[in-house]
Amino acid sequence: MDAPQHEHDIKLQSVSGGLLAELIDSLPGFLWRLNAPSGDPRHVRRRVKQKDTAMLIAILDPFQEWPQLLDPYLTRILPPLISAYLDYLNLQIDRSPPNGSRCPSVAVALPEAICKVLYTLCKVRGEKVISRFFNNEPKYLEPLLSAFEAWDSPPASGRATRPSGGLLTWEERYVMLLWLSHLLLAPFDLASISSEASSSTVGMYAPGLDLPAGLPSVTNRLLPISLRYLVAAGKERESAVLLLVRLALRRDMRQLGLLQSLISWALHNFTPQSSKTLSVSIYQHVGVLSFLAGVLASTDRGTIGTFIMPIFRTVQSVADRSEPLFVEIRSSALARKFMIKIFRLVVTLVLKPKPNPQDPISEAVSSAILEDVIGQMLAAVADKDTPIRYAASKALSVITAQLEGNMAAEVVEAVVGFLGEDVLWESDSPEREIDIASTAMEKPHNVTLRRNLNATNPLKWHGLTLTLSQLLFRRSPPPEQLPEILNSLILALEYEQRSTTGSSLGTSVRDAACFGVWALSRRYTTKELLEVDTTTISAGRGRVGHMSVPQLLATELVASASLDPSGNIRRGSSAALQELIGRHPDTIIEGIKVVQVVDYHAVARRAKAITGVAVDAAELDQVYWHTLSDAVLDWRGTGSPDAESRRVAARGVGYLLTARAKITSVFEAADTMVKRVFKGLAAIHQREVEERHGLLLALSEIVNTAGRLLSVSTKGRQDSELELLGLREGSRHLLRLWRVFTEISPLSEKDLTSSVLRPELTAEAACHLISSLIHESRLHDETDHNQGSCYLLQNIPEEFIEKSIWIISLAIQRPEENVVSSASLAARDIFSVLDNTKRKQLLHSWVATLNGDSGSSLNPSGKSSGHLATLGAVFPYFSTTSPHQSPRLSNEQLSIIDTLVLHASTNAQIETRVAAIRSLAAGVLGSNGQSPLLMCNLTNLIRAAVTTQKVIDTLKLVLDDYSVDSRGDVGSWVRMEAIDAVTMGWESGTLRGENLGGEKIVEESLISRVARLAAEKLDKLRFKAWKCLRVVQIESKYSLVIPNDFVDASQTSSYQYFRQLLAYLSLVSLRHSLLEGLALADHLENLDVHNGNGSPHSYGLQDICETLLEILKQNISNDRVSIPTLEVLAFLLDSRIIQRLQDTQFKWRSLLILVHKAHFKSGNVGKLGAAVKVYAGLVEISPIRQDVLVRLMSMLMHPFPKVNSFFTR
């Protein structure tokens, strides 16, 4: 839905000049060998590198979206390509690769490369534009034709050819056939440019074709080629059809009877008498139909008048009759497309005046053809294939444009009437079913109803809307019909249906509507649009009576450009809006500013469009605000199919409230928005879970935004409490917020538990709303007693509190992260208004539930996450001391800590452990967002509890968790949360202080483990650990100088990161863990440890090596640590770094003994291999050389053959 932040089209516009200049500069060297030995300054190449060809194509391909950028450069790109191709043709070079050459995989023949580039240009800019640059000298017709015949036939030698049987690729065939068709425009008779007579082989490709006598040799050679590829399935069929059409329509060929022979042969292909026709490929029928369409499109009625009726009757038989051959042809969408094109061309021809009195088509026959074709086109606009709908809509518009005014109006009326079919009306109340159906588009009078388009066919609506747009583009409808057309266009601009899988079915309809508005803006004058009576347009949002047509369309386009889920529709609406305002100035409120705000590029990202563009547009005038506020609460906003879009739309509702509050009071603005949301909630059914989710989130944002605005607006003012109380009491819809879960949108247990109703969405939104309502019913600044009336709501009903507790109790049973987060926040806020008895009662029930589930192996994954998060959120509310009393935790707080520690350290599921640690960090070690008054003494209380080592021991355990299951290193999730816990505890002060032994306990137990994780293999973990070390360094006695900081996880994979990480080796307390982490992650080998400052010997090489020995000694039986440590020792020995310690007191024999103990009786081949590597380095150490050789000799006799291979290496 969202376009990339850095849009490709903008980049392409800015760099297009440089790209094309690079392409032009590379063409001479690509096509010619400059300064060739033969003395020719430009000797054409025989073969070119395939990668050079691919590079040129890669430069041209991105211009498909901006083909016009190529136009200034075509005169410098195409002539060199055409010239080089003709040079190659004139030299008659053998295009086959030399025998035994490897060129086919590296290089290609120059014609093939040129044709690939030319095809790319045709694809990007269009064949009609590119073919103009082809050389049209008749002298090249036969050489090009001869080259095609020679290159496209199997070689006489035994050399392998392509699977197609020839040496030409399909790009070459396409370009060469296109060039041949271009050369056929020569004004000379083909007989005058035919060099020699030749026999025709046309019978091989077109059985039954009876050619006239006396055809020139060029014709006899062109016909087999064009007929051969007329039935091809590839792109070359198009150029073959063009070649055959131009050949048949030449004056000299018509005089010889070639056109009549070809049309007779084409029509004979659709005779079902012979069963042989069923075995013909469908592409032959497609090719023949495209040939007939090409003939009709390229000539006039006087030339082909005698063939019009036979062609029409034949194609009509194919379209209507049920013979197997015709059914097979109709099964192809491509064939049906050409049939529609033939119908359109036939009608276009018969509507033209008779060229002579002998014309066989009478007025009655023309009228019958017209009626039949219009009927077939109206049926085809609902076809299941999009190309057919496009072709049918274009055909209807082209035909209608040639009709008289009354007849054209009838066609438009028929299209609008079809759009009115199956449009139902339903009551806003969910209790009433759809009870009124109207075939007209007008709304029934005196009844509060809304449209329901669920019964309509989206394919039919797309075709009909596209037809209307095409009609408007050709200005076929008279201005008197604009109200009906506008009614349909506005409906189509908001059209949406969903498939059974949830995908959108209305995007194409809205896209066609954007085209229709754009065409309307271009083809009709401002005066004509202003004279339209908008009171007859019932598709508006109830405020169209006082609007002009341009203003009505502008408001609808602003809503579509800001809120539509599809990026193409948002941009299309923006383009249509720009056209509307530019063509009809001074008719739209703040028109110039609207164009600047609703910019084509600004609406690319949906989140920005909803929260930025829509809000800026709403601030321009209230007419835009009303339209956007209605639309954002509809399917394009809070009713979006994906949850994230609904969350963004809810934020957009809050921003729209801010815009409204600038011209009215906060209470009035909030009351207006709440009223709209209540109306939406009352209209939905229980099963419409997504809509309820979005509307409840919108209510939450309204309450939050209104509370924030009220706080800001009353800060520093001395408003009387009576005045604010009057505003609050006058907002009757705000007062109904307390009954939202009982009256407005009643929630049952099924809504929060049944998997069919997606309870996670309802739970998330309801908890957000509960939190917002309670938060905005308390003082915003508890220390300012002068603001006693500065809050949005008051007097929380007991009924709401009970309902909220019930909702939260069900919500915290959900495992989804969004629900867990919102439910824990709602629990925190609901606890602020409960008495101690109720708090303890809820806590005991939650703890009992957790303790009962902890030992159950049937507990679903993540089922306890909500309870655990809630315990951390409500932890501060059970403090029993004041700032003047000695620190002491309450029994409830101790119970919470015990429960969280139990679930974090036991063998529970990994999701449960993650939730427990996260709750421990946010609720116990951190502040969890509580007010300073509530947290004033909590730090001292936590410190007193931490002395029991309970929390520290738990964090130590989880920082060392390397659990692995089928999903991989799931222990990394736990370690990541543990690092966050240490960081939060250090920042809040709960993990440092005098009663923690001057930080020594935490430093040795936790910070050292974090230092080990700073060298972790996972970059996310490294980044979190690094940030934690930085926090500890800044807020502790460490005086290290770290020159650079790292702000992204990807930066922790750099050489600079590990060089700076080694600075912590100077801290003895962290050296052991840091070296262990470097060894485990295998990062030490990537460091330049033997040169410059910052290498290990700068901190004491002997100390570092002794630390490595200590690590090996402590983990002698732990393969996860011992094997990497042995590998590091082997690397240092192989780099001749440890050898520098030969003249020191380093304990070489201890190293030898530890290595022997590590691999003794071990069956781990990796450990054995690492030990061999260490022994190989220790051979150079004189004091232990003999002992090392003995160890190596003994390992030569190892029973594992794999071990012997290590000695070979």
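Modeller: Let us begin with a definition: buried means under 20% relative accessible area, exposed means over 50%, and partly exposed lies in between (1.4 Å probe, protein chains only). This is a predicted model, in which local features need pLDDT of at least 70 and side-chain atom pairs count only at pLDDT 80 or more, while totals for chains, interfaces and linings use all residues. Residues are numbered from 1 along each chain as its sequence is written, and side-chain values use heavy atoms, with hydrogens and water left out.

Colleague: Why is Leu-1196 called partly exposed?

Modeller: Its relative accessibility is 36%, and that value lies between the limits of 20% and 50%, so Leu-1196 counts as partly exposed. Leu-1196 belongs to helix H54, residues 1185-1196; a helix here is a DSSP run of H or I of at least four residues, a strand is a run of E of at least two, and both are numbered from the N terminus.

Colleague: What makes the nonpolar surface patch that includes Leu-1196?

Modeller: Met-1193, Leu-1196 and Met-1197 make this patch of about 350 Å². Patch residues have over 30% relative accessible area and no salt bridge; nonpolar side chains (Val, Leu, Ile, Met, Phe, Trp, Tyr) are joined within 5 Å, and like charges within 9 Å. A salt bridge is a side-chain nitrogen of Lys or Arg within 4 Å of a carboxyl oxygen of Asp or Glu. Accessible areas come from the Shrake-Rupley method with a 1.4 Å probe, and for residues only the protein chains shown count as cover.

Colleague: Why does Ile-77 count as buried?

Modeller: The relative accessible area of Ile-77 is 0%, which is under 20%, and therefore Ile-77 is buried. Ile-77 lies in helix H3, residues 74-91. Leaving aside residues up to four places away in sequence, Ile-77 touches Leu-20, Leu-23, Ile-24, Leu-27 and Leu-121, where contact means heavy atoms within 4.5 Å.

Colleague: How do you know that Asp-152 and Arg-228 form a polar contact?

Modeller: A polar contact is a pair of N or O atoms within 3.5 Å; within protein, one must be able to donate a hydrogen and the other to accept it, and residues adjacent in sequence count only if both atoms are side-chain atoms. The side chains of Asp-152 and Arg-228 are joined at 3.2 Å, so the distance falls within the limit. Asp-152 is found in the loop between helix H7 (141-151) and helix H8 (170-183), and at 4% relative accessibility Asp-152 is buried.
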